[in-house]
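Please read the following briefing alongside the sequence and the coordinates.

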Amino acid sequence: MAVMAQKTVILYPSLGVGHLNPMVELAKVFLRRGLAVIIAVVDMPDKDSVSAEALDRLAAANPDIAFRLLPVPSCGTRPYSHPVMRAIDVLRVANPVLLGFLRALPAVDAIVLDMFCTDALDVAAELNTPAYFFFSSALADLAIMLHMPYYYPTAPSSFKDMPDTVLHFPGVPPIRALDMGATMQDRDSDVAKARLSQCARMLEARGILVNSFDWLEARALEALSRGLCTPGRSAPPVHCIGPLVLPGNRGGASERHACLEWLDAQPDQSVVFLSFGSLGTFSAPQLREIARGLESSGQRFLWVVRNPPEHRSNSGEPDLVLEPSLLPEGFLERTRERGFVVKNWAPQSEVLRHRSIGAFVTHCGWNSVLEGIASGVPMICWPLYAEQKMNKVHMVEEIKVGVVMEGYEEELVKAEEVEAKVRLVMSGDGEELRQRLLTAKEMTVEVLKEGGSSDVAFDKFLTDLMKNTCTENSAL
């Protein structure tokens with residue numbers, strides 16, 4: 001595309017590392033296109049929105065990206081009905097700080113908002129600045145969310161009261177009510193009303209960037225493009241620009257993680273990797289069931305384990321030692337030759353791209369799903385919270401890149417189920433799944449190449465951005 005005068009774009013993520021990481025990958029795309037980028041990060045007094053360590057690590061690894069902390073006042077210690085309500089409150093309180101920050105800049109040509117930052121639309125409107133959303137979850141989730149303000153008010157009851165009822169949304173597979181997002185389960189709750197309001201306000205944006213690609217979610221893209229998700233209203237253009245995933249190496253790191261050294265010694269595609277995101281935890285009984293299942297499967301495994309909430313220290317610091325009592329007696333000794341247990345964290349993107357990984361047991365967070373697809377690794381779906389149950393449906397029924405760990409909605413997934421699903425995916429019975437992932441992996445490369453669908457979609461978005469910027473400037 002033609003060379004243009006440099007523009008400045010502000011990226012505004014929601015709280016949490018899971019929202020910040022995709023924004024950093026998006027910033028890299030802007031930089032490659034010659035735009036200046038600033039990521040404005042809400043900085044709360046209690047520091048639990050984005051860990052300082054994670055932010056420092058991202059800033060050090062991406063010196064070309066400007067990070068700016070926006071200090072906001074504490075929202076106090078009053079109880080919230082749901083953690084998302086607290087996040088919404090914090091982001092609303094941050095509006096004046098964001099406004100002041102943007103006004104102090106020489107120029108702001110556009111602001112790209114996280115899907116939870118709908119209140120910042122008011123800031124963009126006051127500054128007459130084009131606002132776009134970056135939707136970092138599945139395109140099918142967007143199709144559902146944009147349709148929810150039309151669908152839910154006329155539903156016979158709250159989803160929680162009809163868990164086995166099969167729901168139908170444009171462009172996505174049938175989905176049970178119990179698999180809908182956790183914040184939407186109770187229609188009368190404060191959090192569901194707040195989320196419905198946010199879904200409706202997304203239509204105010206000039207466009208929506210989505211961390212997905214057309215081949216992966218063609219049916220959802222068609223439904224959105226045809227306006228089926230927002231009957232009677234025009235929706236902003238949707239641009240599939242993904243997959244934006246963390247790089248498969250940590251260039252600049254002084255030494256490799258010990259688990260990578262261990263993986264080097266394992267045969268190709270022989271290891272099952274279990275990792276459940278930055279917030280994923282299990283009860284002690286569930287950890288023991290997982291351990292028994294892994295041991296009985298006879299498969300090699302790399303398992304990231306966190307202490308259950310009831311076993312954590314009160315200091316706020318990460319627990320660095322795994323309590324032996326959490327796993328079956330003698331488990332670590334018996335599986336020493338074929339298993340590696342990591343406490344708290346492993347370099348997931350690097351692990352998934354390692355030649356020895358043959359399967360990925362995941363909580364179905366979209367970042368992790370895309371990393372699995374980009375690495376060509378079949379997945380075993382064990383959703384835990386947020387929109388992960390919805391993602392599980394897309395992964396298994398539509399995209400066909402995983403199988404379900406049955407019983408995830410119950411109190412305990414049994415060791416026999418863990419063993420069965422690990423054996424299934426790692427055996428010859430998982431060949432069809434592996435072939436599907438091989439094709440998907442190839443497509444993640446093709447769509448991002450020059451002239452690929454995601455590359456073309458980003459060009460189209462930039463053209464729209466330039467047009468809107470020129471329109472706004474001429475109106476001043």
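Leu-102 counts as buried because its relative accessibility is 6%, where buried means under 20% relative accessible area, exposed over 50% and partly exposed in between, with a 1.4 Å probe and protein chains only. This is a predicted model, in which local features need pLDDT of at least 70 and side-chain atom pairs count only at pLDDT 80 or more, while totals for chains, interfaces and linings use all residues. Residues are numbered from 1 along each chain as its sequence is written, and side-chain values use heavy atoms, with hydrogens and water left out.

**Surroundings of Leu-102**

- Leu-102 lies in helix H4 (residues 95–104); helices (H or I, at least four residues) and strands (E, at least two) are DSSP runs, numbered from the N terminus.
- Leaving aside residues up to four places away in sequence, Leu-102 touches Ile-10, Val-108, Ile-111, Val-123 and Leu-127, a contact being heavy atoms within 4.5 Å.

**The sheet**

- An open sheet is formed by 6 strands in the order E12-E11-E10-E13-E14-E15, with parallel pairing; two strands pair if DSSP finds at least two bridges between them.
- Strand E12 (339–343) and strand E15 (402–404) stand at the edges with a single partner strand each, so one side of each has no neighbour in the sheet.
- From one strand to the next, the twist averages 20 degrees.
- Strand E13 (residues 357–362) and strand E14 (residues 379–381) run parallel and are joined by 3 bridges, and Phe-360 stands opposite Met-379 in E14.

**Helix H10**

- Helix H10 (residues 284–297) packs on the sheet, where H10 touches E10 and E11, and its direction makes about 170 degrees with that of E11; axes are lines fitted to C-alpha atoms, for helices over the stretch in contact, and angles run from 0 to 180 degrees between N-to-C directions.
- The buried residues of H10 include Gln-286, Glu-289 and Ser-297, and among the elements that cover the buried residues are helix H11 (331–334) and helix H15 (415–426).
- Just after H10, Gly-298 takes a positive phi of about 75 degrees.

**Helices H13 and H16**

- Helix H13 (residues 366–375) and helix H16 (residues 431–446) pack at an angle of about 100 degrees with their axes 6 Å apart, and are therefore roughly perpendicular to each other, a term for angles of 65 to 115 degrees.
- The contact involves Gly-372, Ile-373, Ala-374 and Ser-375 of H13 together with Leu-437, Ala-440, Lys-441 and Thr-444 of H16.

Terms used: The expected span of a helix is 1.5 Å times one less than its number of residues. Angles under 35 degrees count as roughly parallel, over 145 as roughly antiparallel, 65 to 115 as roughly perpendicular and the rest as oblique.
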